[in-house]
Every structure is written in structure tokens, then in C-alpha cells.
Amino acid sequence: MENNEKLDESIYNDLPEMLKTLTEPFTDREKDIVLLSCIGVLSSSLPKVSGHYGRDEVYANIYFLLLAPAASGKGAMMYSRILIEKIHDKIKNESLERIEKFKQSQKNKKNKEFLDIPPLEVKILPANTSSTGMLLLMDSSKHGVLILESEADTMGNMLKNDWSSYSDILRKTFQHEPVSLTRKSDSLFVETNEPKLSIVMSGTPEQVKPLIKTKENGLFSRFLIYSFNEVSEFKNVFQQDSINFKSSFEEASNLVFDLYNRLIASEEKVEFRFTEAQQNELTSEFQSIHEIIVEHHDNGFISNLKRHGLILFRMAMVFTVIRNINNLNSPLVCSDTDFKLCLNITKNLLKHGLSVFYSFDENFLPKQDEDLLSCLKDTFQRKDIIKVGTEKFAIPIRTIDDKLKQWIKQKVIKKISHGKYSKAF
């Protein structure tokens, strides 16, 4: 099942001015990519803005995943990084100054105590950070962090031995649930009570496999997904465009930087709300989609639908703040224009998510296969998998041999020699 539907061109006419300016120079897929990646980056730029969705207080943070083949124009996503670089540099540099001042203050002390050294703070978090490092930086960076990565396998390669903890952190952080982690080797205990994380990531389906191993564990349903299979044409790299893309983003970054500082300095939070009519429309629309899924599709996709209701709410929070960037009163009520825009985008991307959901059956492993594979070393022999498969999972030997053949086709494992295999990731 495949869906390459682009976003409705009509939405670009009604975008908040900043987003309209940033997307206007782009065409075709790149226009959609720039819009969605900017939404993801901006979702990490709104400290002290929150709303109530159901019984929970939630912030704007969104997980966005762009799935496309190589040479398809995914690189346009990285323009969005410019929007938050000034914020990142300010937070990081001020943090490094505090750390250096502390170290200098300890120079003349006989009993140096570095236990209270100020923690490093950042806004942009490297994708190849370990689960422990990620939790430490989320805990120290009180207003949230952003993972922005154009090659999903950067994170995937790091997850080889750390996937379980990392996946658990990403799932809980999506809902701002408390997260803790213990490391026995050095008696480290890390805990953050209200984590805030945004993710903007792109990659091919192969690159994403190590991150989202199965559609059943809940991480997949937390991502807003945009996917397509087209390869972009070869562009004339010597053509001088009349509009400098980067300068538009740099101008917008100044506005975002000012907005961020004003929100940080504010003593009060900004409360975001839907009108009662918007609440009713969201409920009605999603109930109708729910019925369609139950009747015509795999019921496992219902968790995606439910979480996309929250994603819509968060996206509308971003749109509303950016549209009212110079007049942020509380409560901040979503306009019908922004509600319709976000509903349109969310419904479109639900179709993309459903397409990718079905592709898991072809390109990703079912949970039992994942569990079986996780019990094996990076390099293993046929006798090893037969022992684990028959004793722990009660899988017949013939079925195990079939799995080995299928895993090779799916490039999950590589055959090194007769009866000997290695994991591909």
C-alpha cells in the first residue's frame, strides 16, 4: 500500500506570515518538507506555552519523520535548523561560561568538589547521543531539546546496544512522562520529571529500521510521517536563484530568538486553547476516521489515530503562537483558520502514516522476530538461533530456517559463510 499524496496547495495561502515567507521560494515536495520541518523545529522553540489535551498539560513538542529515497530532495529539511541555531548557541555558550567560571573558582581550593559542577545545557541534541547522555541533557535543559538529523542511521547506528532504553525514553518523553535511568557501572541515577523533546529527522526506510523496529511497540505511532518514493531531478547547480533561501531563514531566526527570550523572561505561562466548536469538530472528524479504520483497516493503526489528535493540537499551538508572535496574551485561542490548516495537514499525513504502517509488513520485523533476534549476538551461527528459537520461543526448526532466508532478503542479517550470520544493524 502506497501513498505519495502531497499537502494541499491551498494551505500555503493561509499560513502564518513567517511560514508563508519561508515556504514561498520552494516548489513541489521541497515545499512540504520545509513546512513540516519548520513546524517540528518551532515546536521546540516555545517555552512556557502549553495547553490541556484531555486531562494532561502538554507542550508543543512534535516528532516528525521524513521517509524518502536517497537523492529525493530531503536536504531541504536542514534549512529549518537555522531557525533555532541562535537559541542553541546562546544556551550552549552561557552554559559553557558557567562551567568555566565554576572550574576557575575551584582552582585554589584544597579539597576540590566537582560534584556540583553546573551541567551542560543545549537546545540541539546530537542524534548519536547515548540514552544516558540524552536524559542528562534533557534534565539540564529545562525548556526542552531538539534532535535534528538528516540521516536517520546516525541515530540507528548508536542504538545497536542501547535500543531498549532509548526507545523507552522517546515513548515516555512524547507525553512528558517522568523518565529515569540507572547505570550500575558508575552508580549513576538520572531522572527528569517533565521532559520536552522535539524530533525532526529524515532517512530512507532502511535507515529507519534500527530506530523503529516494529509498529507494535508504540514509538511508530508517535511520529508525524511524510513519505514518498520519487527521486528528484538533477538541478542546475549554477543557476542563480532570485531569492536567497538562507537569508529568509536567518531573518525569521531573529524573530524566533526574540520570541524565545520573551517567553523565558515571562513570569507566567501562556495557555493555549481550542474553542468549544473546534474541540467538537476534532472529536467528530476523528470519530469518523476511527470508524473507517475499524471497518477497512488494521485496528493496530488506531493508536496512531489517537496520538495524531494530540499532534494536531500541538501543531495548532505552533501555528497560533507564530501568527500572534507579537501579541501573546493568555489564554491564546486558536483561530478557525489555523485549526482548519492543522486538521487538513494531519488528515493528509495520517494517510502517509497508514501507508508506512502497512509497509512494515514487508520491510520490518514482527515482534516475535525482533525478540528472537535480540537474544542473539551480533555474529551468530545457525545452531545458536535454533537453540534459542526452539527452547525460548518454541519455534520449529523449519520455521527458523525460513526466518533466516527472509531476514537475508530483508537485509536484516548478512550471511558470512555456511551456517554463520551477522546482524546488519
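Residues are numbered from 1 along each chain as its sequence is written. In this predicted model, local features need pLDDT of at least 70, side-chain atom pairs count only at pLDDT 80 or more, and totals for chains, interfaces and linings use all residues.

**Exercise 1.** Work out the strand order of the open three-stranded sheet and find which helices contact its strands.

*Solution.* 
- Start with the order, S12-S14-S13, with antiparallel pairing. Strands are DSSP E runs of at least two residues and helices are H or I runs of at least four, numbered from the N terminus; pairing needs at least two DSSP bridges between two strands.
- Next, the edges: S12 (379-381) and S13 (413-417) each pair on one side only.
- Now look at one pairing: four bridges link S13 and S14 (residues 420-423) in the antiparallel sense, and Ile413 has Lys423 of S14 as its bridge partner.
- H13 (residues 382-392) lies across S12 and S14, at about 80° to S12; axes are lines fitted to C-alpha atoms, for helices over the stretch in contact, and angles run from 0 to 180 degrees between N-to-C directions.

**Exercise 2.** Which strands stand at the edges of the five-stranded open sheet?

*Solution.* 
- Write down the order: S4-S5-S8-S3-S9, with parallel pairing.
- Read off the edges: S4 (124-125) and S9 (224-227) each have a single partner strand, so one side of each lacks a neighbour in the sheet.
- Check the S4 end: two bridges join S4 to S5 (residues 145-149), and Leu125 stands opposite Ile147 in S5.

Definitions and conventions: Side-chain values use heavy atoms; hydrogens and water are left out. Contact means heavy atoms within 4.5 Å.
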